[in-house]
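Reader: Please take a close look at one part of this model for me. I want the domain arrangement and the packing inside it.

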Amino acid sequence: MKARIKFSKTGSMRFTGHLDVMRYFQKAFLRAGIKTGYSRGFSPHPLMSFTSPLGIGLGSDAEYIDVTLEEADTPSVMTDRLNVVMNDEIRVKLFSFIKDTAKPSMSVLAACDYLIAVKPESTSQFTDREFTKKNLDTFIVQDKIEILKKTKKSEKITDIRENICYISDNMADFQKMTGQNYGKLCINETYLPVLYCQLAAGSVVNIKPELVLEAFCNYSGTEYNPFAYQIHRLEMYAKADKKLIPMSDYDAVLQTGGESYA
Amino acid sequence: MRKLALSDEILLSVEKPARYIGGEINMVVKNPADVAVRFCMCFPDVYEIGMSHLGIQILYDMFNKRDDIYCERVYSPWPDLDRIMRHENIPLFALESQQPVKDFDFLGITLQYEMCYTNILQVLDLSGIALNASERTEHDPFVIGGGPCAYNPEPVADFFDMFYIGEGETVYYELIDKYKEWKLSGNDRTSFLKIAAQVPGIYVPQFYKVLYNKDGTLADFKPVVAEAPDTVIKQVELDLSETYYPEKPLVPYIKVTQDRVVLEIQRGCIRGCRFCQAGMIYRPVRPRSLDFLKKHALSMLKSTGHNEITLSSLSASDYKELPELVHWMVDEFQDKKINIALPSLRIDAFALDVMSKIQDVRKSSLTFAPEAGTQRMRNVINKGLAEEEILNGAREAFKGGWNRVKLYFMLGLPGETYDDIEGIAVLSDKIAREYYNIPKEKRNGRVNIVTSTSIFIPKPFTPFQWASMDTKEEAAKKRDFLLSKVKEQLNARSIKYNCHDEDVSELEGAFARGDRRLCNVIRQAYESGCIYDAWTEYFCYDKWLKAFEDNNIDMEFYTRRERREDELLPWDFIDIGVTKEFMFKEYLNSKAEIVTPDCREKCAGCGAMKFGCGVCVEERSQGN
């Protein structure tokens with residue numbers, strides 16, 4: 001059977017790459033004594049895949065891995081069995097069993113939500129709420145938002161306006177826009193949130209939150225210092241009938257919440 | 001949330017930031033304020049290498065079993081972080097508490113290879129601890145060295161307050177207890193060193209004076225305080241089935257060199273190869289019981305979630321219950337998708353049977369370590385591996401579908417002739433011929449033979465400790481000769497030849513048998529920018545040459561010179577059980593090409609029997 005696990009990644013674990021997190025889960029399953037499905041061949045590896053790798057340094061309340069299991073218990077027992085053998089900075093938040101026919105989450109990813117916060121001891125003009133609001137109101141009504149997109153091969157100017165689904169300077173409005181309740185976040189409380197955004201994601205169009213932040217800095221006439229900001233993923237979605245559905249609910253047949261933690 | 005010593009900005013600007021965050025699975029968490037003694041364990045190389053070391057995992061577990069001790073870890077920062085730490089004056093910190101190393105009671109540094117010596121100074125320097133022990137004050141930790149290179153501690157003697165000679169399981173608790181008493185007494189730093197010097201196995205270099213002859217050799221080596229013994233006896237854990245061994249080893253987040261459960265099946269070796277230091281200093285061989293190994297294999301796999309387990313020992317084939325252990329592992333783990341990685345076994349029917357069960361024959365390779373190319377030379381070094389064994393093993397393996405072979409040899413062994421060197425190429429070719437003797441339809445493509453040579457370095461506490469080492473010019477000439485001979489072979493196209501760097505080997509040779517006068521050379525090399533000398537991309541030979549020159553020290557005095565029998569060697573004050581007389585007798589046997597049987601076949605009377613354990617008592621009880 002297949003399962004989709006939603007987990008948080010915070011604190012020092014922000015500095016581990018996604019391949020390390022993959023290994024971390026492989027080992028966690030073994031410690032928890034949960035049998036996963038394996039690929040065939042002489043060096044079998046667990047059948048496990050990520051929805052979308054998170055860049056080093058970013059935090060998240062909504063990472064997802066899909067895994068094939070050979071045996072299972074109820075979602076809440078599975079959550080507990082994993083959390084007991086994991087550290088405090090990667091925790092299972094939600095465990096869903098998904099349809100056997102479910103496509104890998106990475107192939108159905110359509111959008112991601114992000115929070116952008118200013119780190120303590122850093123300066124950013126966006127901590128001035130009036131400044132942020134004034135610039136954001138006009139930023140978002142532009143016809144075009146052009147940025148220089150760099151890849152390994154080329155640099156090109158891209159218009160990202162239509163790939164910014166929503167953007168807001170406060171949580172209350174953002175929750176209304178996306179229709180989500182993000183609950184208590186696994187993010188350092190000394191970080192000051194300044195922006196929230198929902199961006200197109202997936203294999204066709206994938207907009208990094210750093211690009212939006214840089215574009216907004218440029219628009220606001222303020223210097224972009226990437227180290228001043230903490231970017232934190234809030235949710236990932238698949239699209240069905242032109243509607244975004246949180247990845248944990250997409251194709252889900254049975255799920256429950258993870259343990260609560262402060 | 002754990003507070004990290006480095007800012008997000010720094011962590012995001014260095015390679016592999018997870019090297020510095022600690023917090024690994026099974027990391028021990030204690031409140032530093034609640035313990036009496038803080039011990040920081042250091043492996044002076046990069047995290048991925050250091051985390052793969054079994055010895056530290058054993059000691060980490062042993063120290064942390066006690067509530068009054070908190071043992072933490074530190075590794076060498078990679079050069080990218082090194083630069084930032086110096087520039088921003090960030091003190092080196094331990095991974096667990098992320099607090100400065102300088103605030104610890106002890107800094108224990110393991111010395112696994114000579115080329116890490118400048119990294120010791122890097123760790124001290126970044127910690128803000130004075131480089132020379134004589135410059136340290138009450139505010140500095142006691143810096144203690146251990147591991148195989150501590151058997152000749154002299155080239156780094158100035159940098160250490162003390163060395164622990166031998167296996168860590170025995171007297172560390174005693175040393176810590178004495179430290180606690182001393183700390184309460186409020187006495188000065190030297191008074192603790194005097195107490196420590198009386199603990200068996202502890203060597204405090206500043207309490208010894210060295211006098212030199214006009215020719216540069218040692219004239220005298222004597223303690224200058226009453227508390228320091230004339231001879232320091234190596235520490236031996238007598239029963240390896242009744243001792244500390246981690247049940248919950250640390251599990252790193254990033255991929256390290258040894259990303260698997262390591263099960264040390266025995267310590268020591270019965271073979272007595274004359275070039276091998278480990279084979280002498282870990283005498284006598286002491287196997288662990290099958291029950292101990294099974295129990296630990298299960299508990300370590302469970303607690304780590306590793307999907308691979310490997311056996312560690314100097315010669316696994318000599319572990320008597322190996323077939324039973326390996327068959328148990330195959331039965332127990334194969335269904336659970338736990339890989340079994342076997343160390344190089346003697347290639348025989350048993351090894352091939354097991355290997356075909358646990359490996360993909362097409363992808364795995366066979367490893368032989370004949371060390372020398374001719375039987376004559378193998379007799380000189382006492383490597384009991386006959387050509388017939390190699391060829392038979394290869395033939396059987398080829399029939400079983402293998403087609404890749406790795407061969408390890410040494411160049412520059414004492415008494416080596418060019419015929420012996422040519423023998424390396426000839427033996428490589430004979431193995432290839434075995435392959436092509438198999439009917440074509442049964443072969444699995446071409447055979448692929450990789451022949452590697454390292455440059456022989458005479459090590460202390462081996463029968464070759466008196467021998468001359470080749471200069472790098474000679475080594476280069478021999479390498480080129482061998483390459484030309486490989487090319488002449490019938491199957492030259494199936495043989496790939498690799499060789500070690502001569503510059504590094506020469507320096508390693510000087511440190512291996514060096515004395516205290518090298519401390520200044522190492523310090524100067526470090527101060528002129530040398531670190532990570534074991535890493536080709538950072539090794540600066542020119543800086544080392546200058547450091548030797550500026551200190552008026554001739555490297556060849558240490559490498560080139562054959563020592564006289566009666567010469568006082570810098571490490572003679574250490575008693576490893578195996579006597580100098582035995583080693584010299586073995587040196588003469590090597591010159592006469594006489595083979596000495598292994599410990600189980602016949603006791604050679606090396607002297608290690610005085611410890612009364614392992615194979616020495618095993619044979620007695622069987623009435624041999």
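Author: The C-alpha centres of domain 1 of chain B and domain 3 of chain B lie 36 Å apart. Eleven-residue sides meet here: the contact takes 11 residues from domain 1 of chain B and 11 residues from domain 3 of chain B. Contact means C-beta atoms, placed from the backbone, within 7 Å. On the domain 1 side, seven residues are nonpolar, two polar and two charged. Ala, Val, Leu, Ile, Met, Phe, Trp, Tyr, Cys and Pro count as nonpolar, Asp, Glu, Lys and Arg as charged, and the others, Gly among them, as polar.

This is a predicted model: local features need pLDDT of at least 70, side-chain atom pairs count only at pLDDT 80 or more, and totals for chains, interfaces and linings use all residues. Residues are numbered from 1 along each chain as its sequence is written, while chains are lettered from A and ligands numbered from 1 in the order in which they are written.

Domain 1 of chain B spans 8-233, and domain 3 spans 360-517 + 553-562. These bounds come from an automatic or database domain assignment.

Now the helices. H13 (387-399) and H14 (418-436) of chain B pack at about 35°, with axes 9 Å apart. Helices are DSSP runs (H or I, at least four residues), numbered from the N terminus. Axes are lines fitted to C-alpha atoms over the stretch in contact, and angles run from 0 to 180 degrees between N-to-C directions. H13(B) contributes Glu387(B), Leu391(B), Ala394(B), Arg395(B) and Phe398(B) to the contact. H14(B) residues there include Leu427(B) and Tyr435(B). By class, this contact has six nonpolar, no polar and four charged residues.

Conventions:
Helices (H or I, at least four residues) and strands (E, at least two) are DSSP runs, numbered from the N terminus. Two residues are in contact if their C-beta atoms, placed from the backbone, lie within 7 Å.
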